[in-house]
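Visitor: Could you walk me through this one, please? I'm new to reading structures.

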Amino acid sequence: MDEIYIGREQTAAKHLILKGYLGAFSAKLIKFYNLAYVDAFSGPWKSTSEAHEDTSFKIALDTLLAAKKTSEDAGRKPKNVRCFFSEKKPSSHAELALFLERYKGINQFEVRDFKGSFEEAIPEIQNFIKGHFPLFFL
């Protein structure tokens, strides 16, 4: 186990499942569909890495970008990928929003953050996922 997960073994397990499941599932789906990924409780919480390698949002972003690149490298028509991250805690949301800036402007890869609870974000999420195959991380 990585040092960044010492004392947070349940988080390591959750992230292992996220990366494996999202990686395999998105690699197959992106061949045919535009994807919309929604992380309902994004954080970051207790991240020990300045690069946020131990957060669900960083793992999801990197995994989805890798699936998109692999599909495009195989000569498939580029698909659109959207990522929606909601976070209720103001300090965590500020850190998340700042981090997401580096992913903005990537061709056919949209990221959006929402300051508030997942329940408050539902109407916006419903519009965000239209025309895309939705993947939710709750």
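Guide: A residue is buried under 20% relative accessible area and exposed over 50%, with partly exposed in between (1.4 Å probe, protein chains only). This is a predicted model, where local features need pLDDT of at least 70, side-chain atom pairs count only at 80 or more, and totals for chains, interfaces and linings use all residues. Residues are numbered from 1 along each chain as its sequence is written, and side-chain values use heavy atoms, leaving out hydrogens and water.

Visitor: Which residues of α1 are buried?

Guide: Helices (H or I, at least four residues) and strands (E, at least two) are DSSP runs, numbered from the N terminus. Helix α1 covers residues 9-29. Its buried ones are Thr-11, Ala-12, His-15, Leu-18, Leu-22, Ser-26 and Leu-29.

Visitor: Within what arc do those buried residues fall, seen down the axis of α1?

Guide: Take the directions from the helix axis to the C-beta atoms. The buried residues line one face of α1, because they fall within an arc of 150°.

Visitor: What is the bridge partner of Tyr-37 in β4?

Guide: Strand β1 (residues 35-39) runs parallel to β4, and five bridges join them. For Tyr-37, the partner in β4 is Leu-135.

Methods: Two strands pair if DSSP finds at least two bridges between them. The expected span of a helix is 1.5 Å times one less than its number of residues.
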